[in-house]
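Below is a short note on one helix pair and on the salt bridges. Please read it alongside the structure.

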Amino acid sequence: MPNSNSPVQHRSIMGFGALLLLAFSSLAFAQGGGPGGGPGGGNNGGNNGGQNLQPLGDAPVPDENPITESKRVLGKILFWEEQLSSDDTVACGTCHKPAAGGSDTRLAINPGFDQIFGNDDDIVGSPGIRALDENGLQLNDPIFGHDAQVTGRATPSFFTSMFADSNFWDGRATDEFVDPLNPNNTIIEEGGSLESQALGPILNTVEMAQQGRDWTDVVTKLEQVTPLSLASSIPADMVDALQGGTNYPQLFDAAFGDPEISPIRIAMAIATYERTLVPNQTPWDLYIAGNNNAMTSDQIEGWELFNNTPCANCHEPPLFSDNNFRNIGLRPANEDLGRFEVSGQNNDRGDFKTPSLRNVGLRSALMHVGWITDVSDAIDFYNAGTNNTGHLQFTQNQSGIPGSNLDIDEIDVFGDDPAQRGQVIEFLMNGLTDPRVAAETFPFDRPTLANETTTSALSINSAIAGSTSQGTATQAIFSGSVTSTDGSNSSGSFNSAEVLAIAARIEIDPADVGSSGNIYCIIVYQGAYYAMNSNGSYQAWNGDPVSLPAMEATTFGSIENISIAEQLTQTAGEFAIYIAYDTGDGVLRYNSAPIQFSVN
């Protein structure tokens with residue numbers, strides 16, 4: 001927390017107070033694939049750049065886990081089931097949304113190797129669950145406190161993972177699927193990496209599990225809960241499977257012949273669903289199949305240019321990955337040993353799986369570090385050894401490029417030709433995007449999760465631009481919601497008998513993500529000021545900047561969700577709320593217009 005005696009802090013708060021007074025004085029308080037079984041399956045190609053290329057075919061299926069419709073639907077339900085986590089907040093699909101290219105839109109900061117926020121080794125990961133003890137009681141995590149923990153690697157896309165013989169960034173989910181309750185019992189000898197991967201997050205204490213969770217806990221919970229009771233807008237195939245109040249034992253009975261729920265069956269069902277999600281209707285697939293008009297002229301030029309760069313040596317079509325592991329020099333290998341932790345081989349230090357470029361245009365956190373933001377930024381990273389792009393490559397353990405006499409730090413992807421670079425980007429961003437994935441249509445359709453409903457409720461005053469106490473620019477965006485706790489009213493006008501849930505959301509300025517600072521909340525009621533203090537209590541505030549309390553000290557992720565009140569009723573009048581934050585730099589960022597509601 002900044003020093004309250006700092007002259008800089010006094011000036012910034014005084015400026016903020018003056019702006020508030022100006023805002024309040026003017027406030028009227030008005031209510032405001034083709035067949036073939038494998039990557040090369042499919043129809044004979046026409047426009048293939050002189051190569052024997054074919055569109056991406058169907059996923060290979062292990063004999064031990066054949067695809068059936070009842071098993072697919074069960075897997076889909078389980079994949080989108082938030083109750084599969086200990087605290088009902090995280091489903092597999094929470095971190096793997098189709099419209100995000102199979103990855104996550106909820107980006108947050110993990111402090112990385114040194115466990116200190118705000119340094120170069122920070123990782124952009126995914127929020128998991130809050131740290132919970134064996135009884136499900138919240139812990140004060142030494143890094144994340146009472147906030148959601150954040151994964152130490154970015155969430156990879158799971159699309160095309162069905163074509164890999166190992167999964168996760170480091171390949172620890174192997175081709176051989178072994179019964180987690182009996183390591184001597186091999187369930188799938190070959191082709192079971194999806195099954196191996198599916199079980200990992202469920203017992204992971206950052207992603208989905210409280211401490212000490214085991215498979216008995218998971219099975220017992222599934223036997224008792226109502227499937228998808230937390231979700232809404234459930235797709236038709238899932239609704240059909242749940243007709244008549246079908247429970248999980250009945251769903252497992254339909255899929256496997258008896259109602260037993262086991263980790264093996266959970267894995268088999270989820271893997272079956274995932275094998276039906278092959279993103280093979282991209283413009284590139286249609287073009288390679290012979291449709292000359294499937295790609296634009298720029299995408300065609302970009303494909304041909306890409307195919308003649310060293311990029312294609314690792315991102316091999318039609319998967320646009322070779323599923324091998326390499327160190328491309330994002331960070332020093334000792335910060336995250338990657339594949340070495342699985343193989344024990346020194347030449348695997350810092351190696352990570354080559355991700356598929358399919359649907360890369362939908363993703364906003366690339367590579368295992370997550371701070372590569374898009375295709376253009378990725379090219380800038382690869383060009384860092386030959387162009388001044390602002391990125392740095394760590395070459396000590398960097399891998400070579402297969403089939404090339406170049407090292408990675410010698411790559412130059414049209415650094416001096418913006419037109420050709422733009423065509424490559426257009427091909428990767430749009431030529432490799434399956435429109436069904438982007439639009440989340442079948443088989444990529446999905447329900448709306450409860451976690452999303454909570455976030456999307458921040459709509460009464462949504463997308464309020466941020467201002468600062470010193471008049472400088474900020475990219476912070478604020479929004480707020482006021483709803484009755486039973487969900488029946490979110491109009492902004494309430495009666496005094498309703499119990500209200502009031503929340504705010506800050507999209508932190510990207511320049512401030514990872515910084516430490518304070519969050520402030522001021523409620524204006526009938527022209528009087530009230531500020532929330534760190535105990536969660538509201539105290540009258542006389543407008544003196546020196547006495548303005550901070551409600552919370554924190555380290556900022558990309559999104560900060562703030563609970564302001566669970567009960568602010570039985571008092572009629574007009575209310576306005578301002579949220580602010582600082583980063584210890586003497587500047588407060590706050591919503592330029594208030595979050596408003598009335599109680600009658």
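**Notes on helix packing and salt bridges**

1. The model is predicted. The crossing of helix 13 and helix 14 is right-handed.

2. On the helix 13 side, the contact involves V375, S376, I379 and D380, which meet R421, V424, I425, L428 and M429 of helix 14. Sorted by class, this contact has six nonpolar, two charged and one polar residues.

3. The count of salt bridges is 21. One of them pairs D445 with K76, with 2.7 Å between the closest N and O atoms. D445 sits in the loop between helix 15 (435–439) and helix 16 (450–456), while K76 belongs to helix 2 (residues 69–79), so the pair ties together parts 369 residues apart in sequence. D445 and K76 are both buried.

4. D336 and R153 form another salt bridge, the closest N and O atoms being 2.8 Å apart. This pair ties together parts that are 183 residues apart in sequence, because D336 lies in the loop between strand 9 (325–326) and helix 12 (340–343) and R153 in the loop between strand 4 (148–150) and strand 5 (166–167). R153 has a relative accessible area of 15% and is therefore buried.

5. E335 and R331 also meet through their side chains in a salt bridge, at 2.8 Å from N to O. E335 is partly exposed, at 22% relative accessible area, whereas R331, at 18%, counts as buried.

6. Salt bridges with shared partners join E69, R72, K76, D237 and D445 into one network.

Terms used. Residues numbered from 1 in each chain as written. Predicted model: local features only at pLDDT ≥ 70, side-chain atom pairs only at ≥ 80, totals over all residues. Heavy atoms only, no water. Left-handed = near helix turned anticlockwise from the far one by under 90°. Helix = DSSP H or I, 4+ residues; strand = E, 2+ residues; numbered from the N terminus. Contact = heavy atoms within 4.5 Å. Nonpolar A, V, L, I, M, F, W, Y, C, P; charged D, E, K, R; others polar. Salt bridge = Lys/Arg side-chain N within 4 Å of Asp/Glu carboxyl O. Buried < 20%, exposed > 50% of the residue type's maximum accessible area, 1.4 Å probe, protein only.
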